[in-house]
Amino acid sequence: MDKIDKRILHHVQQNNQLTHAELSELVGLSPTSVQRRLAKLRADKVITADISVVDPNAAGRPLMMLVSVELARERADIIDRFKRSVRSSAEVMSAYYVTGETDFLLIVSAKDMADYEAFTREFFYDNPDIKGFKTSVVMDRIKATFNLPMA
């Protein structure tokens, strides 16, 4: 990946709706060259998704929680099973397998506290592999992005 690829990535992280012509003006290449480079970045899985960021309030899911999860035992099969359950849960927006006192950190969305409570009963309390979990309710989303610095 060269400097031009990094400049392209910088701009598409800000706005993935830019046309090839608009990107070409921003990075100093022809639209065809930009198109080829974007195709290669996608084929090489440098760009893993083209998404839209949706306002949680507009989607009717204004409540966000940061949830730390501790598994009952650290065995590969239990970790893999929990990862699968996280991937299949629409409420879990992001998940991280981490080091330290907790095993996983999750970002979970909910319509309201009753909705979150129903989620916890099904997702955590009904799972014998989970030793415990702690929830922090997000009071204000200061920054939410997947943008990586392209230095």
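1. Asp-112 caps the N-terminal end of helix 5, one of its side-chain oxygens lying 3.2 Å from the backbone nitrogen of Ala-114. Such a pair is a polar contact, that is, N or O atoms within 3.5 Å; within protein, one must be able to donate a hydrogen and the other to accept it, and residues adjacent in sequence count only if both atoms are side-chain atoms. Helices (H or I, at least four residues) and strands (E, at least two) are DSSP runs numbered from the N terminus.

2. The model is predicted: local features need pLDDT of at least 70 and side-chain atom pairs count only at pLDDT 80 or more, whereas totals for chains, interfaces and linings use all residues. Residues are numbered from 1 along each chain as its sequence is written, and side-chain values use heavy atoms, with hydrogens and water left out.

3. Helix 5 covers residues 113-125, and its buried residues are Tyr-116, Phe-119, Thr-120, Phe-123 and Phe-124. Here buried means under 20% relative accessible area, exposed over 50%, and partly exposed in between (1.4 Å probe, protein chains only). An α-helix has 3.6 residues a turn, so residues three or four places apart point the same way.

4. Asn-127 belongs to the loop between helix 5 and strand 4. Why does Asn-127 count as buried? The reason is its relative accessible area of 17%, since the limit for buried is under 20%. The side chain of Asn-127 also reaches the backbone nitrogen of Asp-129, at 2.8 Å.

5. Glu-22 is part of helix 2 (residues 20-27). Because its relative accessibility is 40%, Glu-22 counts as partly exposed. Its side chain reaches the backbone nitrogen of Thr-19 at 2.8 Å.

6. Lys-45 sits in the loop between helix 3 (31-43) and strand 1. Although Lys-45 is not a glycine, its phi is positive, at about 65 degrees. Most residues other than glycine have a negative phi. Lys-45 counts as exposed because its relative accessibility is 62%.

7. Lys-143 is placed in the segment after strand 4. With a relative accessible area of 69%, Lys-143 is exposed. Lys-143 and Phe-124 are 19 residues apart in sequence and 27 Å apart in space, C-alpha to C-alpha.

8. Turning to the whole chain, the protein has five helices and four strands, in the order α-α-α-β-α-β-β-α-β from the N terminus. Its C-alpha trace spans about 55 × 35 × 25 Å along the principal axes. The radius of gyration is 20 Å, whereas a compact globule of 151 residues would have one near 15 Å. This radius is taken over C-alpha atoms, and the globule rule is 2.2 Å times the number of residues to the power 0.38.

9. Of the 151 residues, 28% count as buried. Among contacts (heavy atoms within 4.5 Å) between residues at least 6 apart in sequence, 61% join residues at least 24 apart.
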